[in-house]
Every structure is written in C-alpha cells, then in structure tokens.
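Subject: Structure for your review

Dear colleague,

Please find below the structure that I am handing over to you. My findings follow it, arranged by chain and then by the parts that the chains share.

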Amino acid sequence: MSLAISQTTLKRANRWKLVGLLTLLLTSFVVLMAVENLLVSALLAFVISYTLGPLVNYLERQGVSRTLATTVVFAGGAGVIGLIGVWLAPYLGETISRLQADTPRYISGLGAFISEMEIKVHSIAGPLSNFDLTSRVESQLTSWTHDFFEKLPGFVKTFFTVMLLGPFLAFFMVKDGRNLVRTVMGLAPNDLFETALSLQHQINFQIGQFVRARILESLIVGLVTAFGLFMISFPYPLLLGMFAGLMNLIPYLGPIFGAVPAFLIALVNGYSGLEVTALAMVYIVAQLIDAGFLIPLLVAKIVDLHPVTVILVIIAGAQLMGVLGMIISIPVAGTLKVTISTIYRHLIDTRA
Amino acid sequence: MINFMWDNLFRKSDEQQEVAEALRQTFVFQPLSRKELGFVQDTVHVRVFKPGEVIFRQGEIGVGMYIILRGALDIYIDHAMEEDVPPRAHMVTRLRAGDFLGELSLVENNSRRTATAIAAEESLLIGFFKPDLFEILERQPATGVKILLRLSEVLGRRLKETTMKVTELKEEIRRMNEKV
C-alpha cells in the first residue's frame, strides 16, 4: 500500500475521464443536430435496429454469425419492403394524383361549408363586421396546398436521403453497435463504470421494448382503420389508414389528428348522417381495440408516465420539433425517467 | 513512429492473449470451447486500477464479478458497516492474479458487496457484469447456461463451506457452554 496514489489524485484523474466522456457525447449530439437529415436518419436507424435486432439475435442463436445474420435480416427486410412498394406504388401514385386533382374541389367545398356557417352565424348574431372569413380561409388553403405540391420534390429528396441513410446506419448499429457501446463505456472512469453499464443496459432494454410495442400498436391500428374504411367504401382507405397509424404514435392527441382528414373529406363530400356514423364507428372501433387490447398487452407499464406528464411532454415536444417532437417526446421522457430514477437509486443505495 | 505503432499493435495482441488465457483458466469459464471463449472475450471489459484505487465498497450495489489479470487486491471487511475504509476496516485477504471476486452479484438482484476491494498495486482486471451475462444468454444461450451452471457450482461450494463453518461454530459454542 506504500505505493498507493492519493485519493485526491485518483479523484482528479476520474474527473478528467468523465469530462472526456461527456465531451465526446456532447460532440456527437452537436454533430447529430448540425448535419442535415442526420438526426432523423439516426432516429430511423434506432427504430429499425430495435425492430430487427431480435431477429438477428434469433438467427445468431441458431449458429449463424452476427454479420451474416444481420445481412440476411436486412436483405430480407429490404426485399419485403421492395415487394410491398412494387405492389402499392401504382395504387399510392394513383391515390396521390387523385387527391391532387380533388384538392381544389375539397378547398372550394370547405369554403362553401365555412360560408354557409358564416351566413348562419350572421343570421343569429347580425353582421358584426365585414370580415370575409370564407375567402381568407380559401386563399390560405390554396396557398398551403400550392406550397405543399411545390415543395413535394424537396420532401421526396429528403425522404429518399433518410430512407437510404437510416437503414445504412441501422445495419452497422445492429452488427457493431454493442462494440461501439463497449468502447464508449471503456472511457468511463472506474468509480462510475458499473453504474454506467447497468444504466445503459436498462435504458436500452426500456427503449427497445417501447419502440417495438409502439410500432406493432401503430401497425395494427393502421390496418384496422384501413380495413374498416375499405369495408364502408370510403375513399383513400390505405392512405388514411397509414396516416391514422402514424398519428397513433402520439399519445392521447394522435387518434384525433389521425381521424381529422377522413372527417374533412366526409364533410366536403356532403356525406349523410349514416355514412358519417359508419366512419366514426371505424375510428372508434380502431381506438377501442387499441385501448382495450393493444395498450394493456403491449405498451402499458413500459413507460409508466402520469397522463398530465404525458400531455406536458407532448406540448413541449411539439413546441421544439413539431410533429416529430410529439412522436419522440414520450420515448425521450421515458428514457430520462429511467436515467434519473436509476441514478437516484444508485445514489441512495451507495449511501444506505 | 512505425516501430511505436508496431510495438503497440503487439502489446494489444499480447494483452488479448493474456485475457483469453485468464478466462480459460477461470473456473466459471473453464467448460467453454475456444469459440465460446472468444465470444465471452468480446463481451468482457478490461479495466486498469491504480494502487489504492477502490474497485468496490462494502454495502454498494454490485452488478458483476472481476477476475484479476495482473496485480493484487486487498479485501477489507468493516463489521460496523461504515464507509471510512481502510482505518476502521480490517484486511481479510489479498487476492492475486487468477483469483476472482464479486461473482454473487451476477445472480443476486440488487446484490450488495459484502467487502471492500482496493488495488494493492497497479492491477489489470477483467470485469464480467450482469448486462454481459444477459447478452450471452440472449445471443448464445448454450454458452450462457454453461457459465450459469459453473456459477451455481461456485455458489453451492460457498454455501457448503459456510454451513460447515456455522456447524463448527455451533459445536464450539456447545462445548464452551458445557465447560461453563
């Protein structure tokens, strides 16, 4: 023990190691935020790697090497998506061009609906002002739609960049992710190493469970909605089903957002009360299946956040990053909760 | 420069050889094949501890075991369960290269360390923790089961030793009572 280094020197060395590790993590975060499309691609890569990781592990358990297992699973995934794409492309293309052709009609229909409402309001309350709501809404909607179709090529370019970069990053995350994490963990100071490793394992497990559960939940809600819309012969069932499934990722508010386009279409087309009831039933049944079976079986207790916290977190996410922020806000909040509670438990335990 | 890189490359490779050999000789990993040992080697963590540096403290939650690759560790037990080691705690043993410690933490939930381990000299340790065991069980269950069986054997042996000590102590108390 005579050669023992003083505790102050050890503490200082450990502090410097911690600073180095935090600097590395912070730099990675800055690069992720600064490089165009990298954040969204990385998020997509995480989602893909959490979804396909268990399949790769399954193949590895059968004696296949990790590289081969990852290649087979990704090639299989690309094949399946390619086939679905080939099968759906003509239908989606036709739907989008029909939607583009129908949009002016929907806008004028919506304008007519608003002016009808305006007349009703005026007949009750009298002409309060000369404010022409109809033409304002109509011109705003026309400019938004024009902008949307104008910017569509840009969106498509970003979409393809993310769709190429995301799976590319995901491939290496699944194949070598554990080695990368091990290397980064190797930089942690000795006094924090066990805690950091345990924390990383818990967070990884929690996010993995959450991502897989939410994807499955969205897929089922989207399919049920699309099937229901198809059964009542509502236009664009697949597109609206996909939208409902995607929006379902946003807790509480998502299902409402997901149903809005279908009700707008029904409103503009002047659907009868019976048809609107059938439409409402489709969305209600999808949500009942979600709330009654999917959430209790798949999602509940994975990220156990209070409903008020969920709403506040979603609002914060929307303020910071829009729709993407709303979708990722809950996993991020869940991760923070696990991180803070684990650190807190560690502090309590080590001082008990 | 090239010489430096060349030396470093071989030093790294030497260390890997050393880790592989240490794992092969550790009781918990003894039944594993060369391929399985390679997989375990890719999972474990090699950590350097300076003389006087604490590996873990008594009462802390532990998540795994350490195998001594190089160096030596002093093990202290503080019966008063206080933090100010070493003055109050007394040293019970010195562990050397090839020995392993903390294996109970691999299987027990929220396992608290029963002693404090401090590096007696600059030590190179192989850390094998719960997340590593879970990873092995998830990716190569057959390897994981072999490790778990060996761990059970170690724990069973420890339990047997403890039971024998308790029996001896009871016998001694009985003899003392008879004398009184």
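Chain A contains 9 helices and 0 strands, and its pattern along the sequence is accordingly written α-α-α-α-α-α-α-α-α. Please bear in mind throughout that this is a predicted model.

Overall form of chain A

The radius of gyration of chain A is 26 Å, whereas a compact globule of 352 residues would have one near 20 Å. Along its principal axes, the C-alpha trace of chain A spans about 95 × 50 × 40 Å. Buried residues account for 21% of the 352 residues of chain A. Among the contacts in chain A with a separation of 6 or more, 66% are between residues 24 or more positions apart.

Overall form of chain B

Chain B has 5 helices and 8 strands. Starting at the N terminus, its elements follow the order α-α-β-β-β-β-β-β-α-β-β-α-α. Of the 180 residues in chain B, 31% are buried. For contacts in chain B with a separation of 6 or more, the share from residues 24 or more positions apart is 74%.

The two sheets of chain B

One open sheet of chain B consists of 4 strands in the order 1-8-3-6, with antiparallel pairing. Its edge strands are strand 1 and strand 6 (100-101) of chain B, each of which pairs on one side only. Strand 8 of chain B is joined to strand 1 of chain B by 5 bridges in the antiparallel sense. Within this pairing, Val46(B) has Ile126(B) of strand 8 as its bridge partner, and Val48(B) stands opposite Leu124(B) of strand 8. Strand 8 of chain B also pairs with strand 3 of chain B, again in the antiparallel sense, over 6 bridges. Here Tyr66(B) stands opposite Gly127(B) in strand 8. Strand 8 of chain B is largely enclosed by the rest of the structure, because 6 of its 7 residues are buried.

The other open sheet to be described has 4 strands of chain B in the order 2-7-4-5, and its pairing is antiparallel. Strand 2 and strand 5 (90-96) of chain B are the edge strands, each pairing on one side only. On average, neighbouring strands of this sheet are turned by 30° against each other, direction ignored. Strand 4 and strand 7 of chain B run antiparallel and are joined by 4 bridges. In strand 7 of chain B, Ala117(B) stands opposite Ile75(B).

The nonpolar cores

The largest nonpolar core has 35 residues. The residues with the most contacts inside this core are Ile55(B), Tyr66(B), Ile67(B), Leu73(B), Ala117(B), Leu125(B) and Ile126(B). Both chains take part: helix 5 (190-231) of chain A supplies at least two residues of the core, as does each of several elements of chain B, including helix 1 (2-25), strand 4 (72-77), strand 7 (116-119) and strand 8 (123-129). The largest share of the core, 5 residues, is supplied by strand 3 of chain B.

Which residues surround Ile55(B), once its neighbours within four places in sequence are left aside? Ile55(B) is then in contact with Phe49(B), Tyr66(B), Leu73(B), Ala117(B), Ile118(B), Ala119(B) and Leu125(B).

A second, separate core has 23 residues, and these include Val221(A), Val224(A), Met247(A) and Ala286(A).

The contact between the chains

The contact between the chains draws 20 residues from chain A and 19 residues from chain B. On the side of chain B that touches chain A, strand 1 (45-49) and helix 4 (130-139) of chain B each supply at least two residues. By type, the residues on this side of chain B divide into 8 nonpolar, 7 charged and 4 polar.

With kind regards

Key:
Residues numbered from 1 in each chain as written. Chains lettered and ligands numbered in written order. Predicted model: local features only at pLDDT ≥ 70, side-chain atom pairs only at ≥ 80, totals over all residues. Contact = placed C-beta atoms within 7 Å. Nonpolar A, V, L, I, M, F, W, Y, C, P; charged D, E, K, R; others polar. Buried ≥ 20, exposed ≤ 12 C-beta atoms within 10 Å, placed from the backbone. Core = buried A, V, L, I, M, F, W, Y, C linked by C-beta atoms within 7 Å. Pairing = 2+ DSSP bridges. Axes fitted to C-alpha atoms, helices over the stretch in contact; angles between N-to-C directions. Rg over C-alpha atoms; globule rule 2.2 N^0.38 Å.
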